[in-house]
Amino acid sequence: MRARLLVAGMALAFVSMALFLERFAPAEGSFFARLLGAEIVHLIAHSLLYGTLAVALCRWWFTPAAFEGTRRARALRALGAAACFVAIAGAQELTQALARGRLPGSEELFDLLVDGTAACVGLIVWS
């Protein structure tokens, strides 16, 4: 139950943070704007956030009892967890793109690839 609430809270936080940062961007040239504009900070933030999301999804979808199920049931759980991850990451990127007044493009695709890589690292940590 806690993991499910954690995932829901993270999803809400990711989407609202994306909207907030797009609508209320820090003043141009400020330390915070330079910090957020640095690509390495962007990559680290995505990696930490979405790696943590992957761990939370695993804790939700793969309880100890889930491993006693059939192989098909475990595969369906894995697909469910992956669908949740893609929905949350996609919603965050879509929110960002629409707040900028455009459709998602290559920048959002790159962010989704970084998110997917972070999820893989999160799965390794979880396992």
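**Figure 1. Confidence across the helices of the predicted model.** In this predicted model, the element with the lowest mean pLDDT is helix H2, residues 31–37, at 89, whereas helix H4, residues 71–99, has the highest, at 94. Over the protein as a whole the mean pLDDT is 92, and 99% of the residues reach 70 or more. Where pLDDT is low, predicted coordinates should not be read in detail.

**Figure 2. Overall arrangement of the helical chain.** The protein contains 5 helices and 0 strands, which gives the pattern α-α-α-α-α when read along the sequence. Taken along the principal axes, the box filled by the C-alpha atoms is roughly 55 × 25 × 25 Å. Among contacts with a separation of 6 or more, 71% are made by residues 24 or more positions apart. Of the 127 residues, 29% are buried, and the protein exposes about 8,300 Å², with carbon and sulfur atoms supplying 71% of that area.

**Figure 3. The largest nonpolar core and the surroundings of Leu53.** This core has 18 residues, of which Tyr50, Leu53, Leu57 and Phe85 touch the most other members. At least two residues of the core are supplied by each of helix H1 (2–23), helix H3 (39–61), H4 and helix H5 (106–126), and H3 provides the largest share, namely 6 residues. Once its neighbours within four places in sequence are left aside, Leu53 is in contact with Val7, Met10 and Phe14, and also with Phe85 and Ile88.

Figure 4. Gln96 lies in helix H4, while Glu22 is found in helix H1. Gln96 has a relative accessibility of 12% and therefore counts as buried, the cut-off being under 20%. Glu22, in turn, has a relative accessible area of 24%, so this residue is classed as partly exposed. Not counting residues up to four places away in sequence, Gln96 touches Ala18, Glu22 and Asp111. With the neighbours within four places again set aside, Glu22 is in contact with Gln96, Ala99 and Arg100. Glu22 and Leu12 are 10 residues apart along the chain, and their C-alpha atoms are separated by 16 Å.

**Figure 5. Ala82, a partly exposed position in helix H4.** Ala82 has its place in helix H4. The relative accessible area of Ala82 is 39%, so the residue is partly exposed, a class that lies between the 20% limit for buried and the 50% limit for exposed. Although Ala82 and Arg4 stand 78 residues apart in sequence, the distance between them in space is 14 Å, C-alpha to C-alpha.

**Figure 6. Ala25 in the loop between H1 and H2.** Ala25 is located in the loop that joins H1 and H2. Its relative accessibility is 53%, and Ala25 therefore counts as exposed, for which the value must be over 50%. Between Ala25 and Ala75, which are 50 residues apart along the chain, the C-alpha atoms are separated by 41 Å.

Notes:
Residues numbered from 1 in each chain as written. Predicted model: local features only at pLDDT ≥ 70, side-chain atom pairs only at ≥ 80, totals over all residues. Heavy atoms only, no water. pLDDT = per-residue confidence, 0-100. Helix = DSSP H or I, 4+ residues; strand = E, 2+ residues; numbered from the N terminus. Buried < 20%, exposed > 50% of the residue type's maximum accessible area, 1.4 Å probe, protein only. Contact = heavy atoms within 4.5 Å. Areas by Shrake-Rupley, 256 points an atom, 1.4 Å probe, with all protein chains shown as cover. Core = buried A, V, L, I, M, F, W, Y, C linked by side-chain atoms within 4.5 Å.
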